[in-house]
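Here are my notes on the model you sent over. Have the structure open while you read.

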Number of protein chains: 2
Amino acid sequence: METFKVHLDKFIKINEEEFTSIFSFFQVLEVKKKENLMQEGELCKFKYFVLKGCLRKFFVNEKGVEQTTEFAIENWWLADNFAFEQQVKSQFNIQAVENGTIVIIDFQSQERLLEKHPMMERYFRMVYQRAYAAAEKRIRYLYEMNKEEYYIHFSTLYPWFIQRIPQYLLASFLGFTPEYLSEIRSKLRS
Amino acid sequence: METFKVHLDKFIKINEEEFTSIFSFFQVLEVKKKENLMQEGELCKFKYFVLKGCLRKFFVNEKGVEQTTEFAIENWWLADNFAFEQQVKSQFNIQAVENGTIVIIDFQSQERLLEKHPMMERYFRMVYQRAYAAAEKRIRYLYEMNKEEYYIHFSTLYPWFIQRIPQYLLASFLGFTPEYLSEIRSKLRS
């Protein structure tokens, strides 16, 4: 709970009393590694905020292979934002990569929260603005770099992340087979 | 001006007086086809909203080829959001595709606007939320589809857009050469 307050403090000014009221709109969830939080074809009922741990979003491609499109670690949100906003069925899955603690909010609670605490509009505006800016950068990389270059770029920017997550998930994010990822890694080491 | 009011009305409730005050934070710009609004290496001073016309955002790749990553038509915003938020130099260019009318706002004016009219936080939260949701979908397509499939998908969803913009820009957006785009189009027609 204190972690979430520290996070909000980076964006908006709220006192303890306001925070207690704001936090009452959220639920806290303990998750186990590989636990499925949302599955393709289900309504995207919640948005997920990582207090501790790591989540991933993925879809299953036509060959039956899981393709990870996003990870979220501490202080990041994860959702199928299109399905959440429209309250329709999702075309993605959300799964825990590690044991962890997650804060969630459903659509109706979010609406009530924003009505009662309009300053949370500012918080979510800034969160989405940053997320969108990051997505714009990522789209450029997907245009500009081949998969090997993207791996090098990614591992230069986030070496600690490469260490943290299982290699087969990293491969799934980069669009590699795990074997090809091993090959690139040994090539780069040599 | 009335067009912008109609646009805002879709997101927030404001009266005429509030709108007049809100609109005073923006500037209106008439732009000519191919006019450069922002160039790589410059500060991203403004965010651009299209009242009439079409803008595109592009970068020049290492082969010297222009790569279009986004278009904005009526009622869409366009900016290098990362550079705008951080107030740093942009790695993109923004150019008018058609003669048009654009509404712009600079960073300081936006801050003052949000302070004076906090309901605009809600407006921008919803705009960014939608833009981010669209970017998430697009990232999935970039993983899932090859270029030809993406063209078919894009032309099925937005046939009127395909008709509207010059073919060399569509090719630049899809990562094709104009010749390859012609080939695909004649293949699909036959």
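The points below take the chain contact, a pocket, one glutamate and a cavity in turn.

1. First, a reminder that this is a predicted model.

2. The contact between the two chains is where I'd start. On the chain B side 36 residues take part, and they touch 36 residues of chain A. Together the chains bury about 3800 Å², with 57% of that on carbon and sulfur atoms. Three residues stand out on the chain B side: Tyr132(B), Arg140(B) and Tyr143(B) account for 20% of the area that chain B buries against chain A, more than any other three residues.

3. I have 10 salt bridges between chain B and chain A, and 18 residue pairs in polar contact, counting pairs with both residues at pLDDT 80 or more. As for where chain B touches chain A, the elements giving two or more residues are strand 4 (55–60), strand 5 (66–72), helix 3 (81–86), helix 4 (107–116) and helix 5 (119–144) of chain B. Helix 5 of chain B has the largest share, 19 residues. By class, this side of chain B splits into 15 nonpolar, 7 polar and 14 charged residues.

4. One salt bridge to look at is Arg122(B) with Glu121(A), where the side chains meet at 2.6 Å, N to O. Over all chains, the whole structure has 24 salt bridges. The Arg122(B) pair crosses between chains, running from helix 5 of chain B to helix 5 of chain A.

5. Next, the second largest pocket, with a volume of about 1200 Å³. Its lining has 43 residues, and those nearest the centre are Trp76(A), Arg130(A), Ala131(A), Ala134(A) and Tyr158(A). Both chains contribute: strand 5 (66–72), strand 6 (77–78), helix 5 (119–144), helix 6 (147–157) and helix 7 (159–164) of chain A each supply at least two lining residues, as do helix 3 and helix 5 of chain B.

6. Which element gives the most to the lining of that second largest pocket? Helix 5 of chain A does, with 12 residues. In terms of class, the lining of the second largest pocket counts 28 nonpolar, 6 polar and 9 charged residues.

7. Glu148(A) sits in helix 6 of chain A. Setting aside neighbours within four places in sequence, Glu148(A) is in contact with Phe176(A), Tyr180(A), Ile184(A) and Lys187(A). With Lys187(A) there is a side-chain polar contact of 2.9 Å. Ile184(A) is 36 residues from Glu148(A) along the chain, yet their C-alpha atoms are separated by 7.3 Å.

8. Strand 7 (93–96) and helix 8 (167–174) of chain B each give at least two of the residues that line the largest cavity. Sorted by class, that lining comes to 5 nonpolar, 1 polar and 2 charged.

Key: Residues are numbered from 1 along each chain as its sequence is written. Chains are lettered from A and ligands numbered from 1 in the order in which they are written. This is a predicted model: local features need pLDDT of at least 70, side-chain atom pairs count only at pLDDT 80 or more; totals for chains, interfaces and linings use all residues. Side-chain values use heavy atoms; hydrogens and water are left out. Contact means heavy atoms within 4.5 Å. Buried area is the accessible area (1.4 Å probe) that two parts lose on being put together, summed over both. A salt bridge is a side-chain nitrogen of Lys or Arg within 4 Å of a carboxyl oxygen of Asp or Glu. A polar contact is a pair of N or O atoms within 3.5 Å; within protein, one must be able to donate a hydrogen and the other to accept it, and residues adjacent in sequence count only if both atoms are side-chain atoms. Helices (H or I, at least four residues) and strands (E, at least two) are DSSP runs, numbered from the N terminus. Ala, Val, Leu, Ile, Met, Phe, Trp, Tyr, Cys and Pro count as nonpolar, Asp, Glu, Lys and Arg as charged, and the others, Gly among them, as polar. On a 1 Å grid over the protein atoms alone, a cavity is a set of points where a 1.4 Å probe fits but cannot get out, and a pocket is an open set with protein on both sides within 12 Å along at least five of seven lines; lining residues have an atom within 4 Å of a point. Grid points are joined across faces, edges and corners, and a volume is the space filled by probe spheres set on the points.
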